Amino acid sequence: MPFEIPDNWVWTTIEEICSKIGSGSTPRGSNYSVKGIPFFRSQNVYNDRLVYDDIKYISEEVHQKMKGTEVLANDLLLNITGGSLGRCAVVPADFNCGNVSQHVCIMRSVLVEPEYFHALVLSSYFTKSMKITGSGREGLPKYNLEQMYFPLPPLTEQQRIVTEIEHWFALLDQIEKEKLDLQTIIKQTKSKVLDIAIHGKLVSQDPNEEPAIKLLKRINPDFTPCDNGQYRNIPKNWCACKLVDICSFLSRGKSPKYSEDDKTYPVFAQKCNLKDGDVSLEQARFLDPSTINKWNEVYKLQTGDILVNSTGTGTVGRTRLFNTNCLGNYPFVVPDSHVSVVRLLKSICPQYIYAYISSDSIQQYMEKNLAGSTNQKELYIGVLENMQIFLPPLAEQQRIVARIEELFSTLDNIQKALEA
């Protein structure tokens, strides 16, 4: 026997506990109706329920000709061919009438709780015991199904088992829901952390630090200060400016000529920076080496460059912080025309500006200022240039970044624990 069972259980076969085991058939010429009797195919059978999406119907006349494939309440429907082989659902107790295709088997048990039978079919024991035939389209022959061993408890114990399964599954569903709720809270918490960070509420201010206005005048002599009085929601030693005021380079990449064979110089495109919130060159294409001299040195990406997706759908505004650690053996990387590069002046903390641009309020600013059609959105460089930045003193920028990293690390650890 497959495994040891209690003394008051018995080993039998599926054939012995069923009054009917048989697959259906498809009406001649796919003779479906607009409405009528539900006709279940393999795509309508899922482990947790029958799915009526894309359900077909047959007429009462066709149903009468296919009485041998009629589905009754509490039947088990088992997919016996194809990629969904083994998927099984219990027909609800209030079910009225229906039929099945040749890819679905009806198992009608006698003195066996349908939900207990269902639990057994979904178990690893049943999966391992199936003797499947065929190579192109696999199938579970009726004879093999009939001869599968079935561990049968007394009826009252079957009912207790089903009740216990439902209890634990309900608990697991609740845990899963709470995990999803917690993951949502983690995401919202990160957004809140960034929001309070860019408004000067994440760390304390030090009045002895060089004010941001002096920092800006020192690193950008052409900077024209605006009236900070209109920004009452930022600390006194902060300064409001535009993104272009703190950049040494702010531009879109260029349309490159690609190489089919040479893999020396990767081109950073919008699809390359989608991996786990980080920068990845796994999907990068490569520059034609004969065009290297046409690329100004300023376009070679540097550690601290902030990359912003500037065209496309769904990912415009997505932001990443570039680090040359991802280069590996590549000498340099250049951006294509779908990516904007934000390179900051010295004495501006890239991590702070990256966090700033990643915040919900700035992401919403970019979203509101997109141009183009529904199918192809575009973020013009002028939108980035005129982006309002609340700039703290340099030391405070660094404290803010350290605090964000500390909080995000804690939240990421919680996230990993949820996914384990």
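Phe40 and Phe95 are both buried, where buried means under 20% relative accessible area, exposed means over 50%, and partly exposed lies in between (1.4 Å probe, protein chains only). This is a predicted model, in which local features need pLDDT of at least 70, side-chain atom pairs count only at pLDDT 80 or more, and totals for chains, interfaces and linings use all residues. Residues are numbered from 1 along each chain as its sequence is written, and side-chain values use heavy atoms, with hydrogens and water left out.

**Aromatic pairs**

- The whole structure holds 14 aromatic pairs; rings of Phe, Tyr and Trp (its six-membered ring) pair if their centres lie within 6.5 Å, and planes under 30 degrees apart count as stacked, over 60 as edge-to-face and the rest as tilted.
- Trp11 and Tyr149 make an edge-to-face pair, with 6.1 Å from centre to centre and 80° between the planes.
- In this pair, Trp11 belongs to strand β1 (residues 10–13) and Tyr149 to strand β10 (residues 149–152), 138 residues apart; strands (E, at least two residues) and helices (H or I, at least four) are DSSP runs numbered from the N terminus.
- Trp11 is buried at 16% relative accessibility, whereas Tyr149 is partly exposed at 40%.
- The ring centres of Phe40 and Phe95 are 5.9 Å apart and the planes stand at 45°, so this pair is tilted.
- Phe40 sits in strand β3 (residues 37–40) and Phe95 in the loop between β7 and β8 (98–100), so the pair ties together parts 55 residues apart in sequence.
- Phe3, Trp11, Tyr125 and Tyr149 are linked into a cluster by ring pairs.

**Second largest pocket**

- The second largest pocket has a volume of about 360 Å³; a pocket is an open set of points on a 1 Å grid over the protein atoms alone, where a 1.4 Å probe fits, with protein on both sides within 12 Å along at least five of seven lines.
- Its lining (residues with an atom within 4 Å of a point) has 14 residues, and Asn47, Glu115, His118, Leu122 and Phe169 are the closest to the centre.
- β7, α2 (114–121) and α5 (155–197) each supply at least two lining residues, and α5 gives the most, with 4.

**Ser84**

- Ser84 lies in the loop between β6 (76–79) and β7 (88–90) and is buried, with a relative accessible area of 13%.
- Beyond its neighbours within four places in sequence, Ser84 is in contact (heavy atoms within 4.5 Å) with Ser42 and Asn79.

Technical notes
Points joined across faces, edges and corners; volume = space filled by probe spheres on them.
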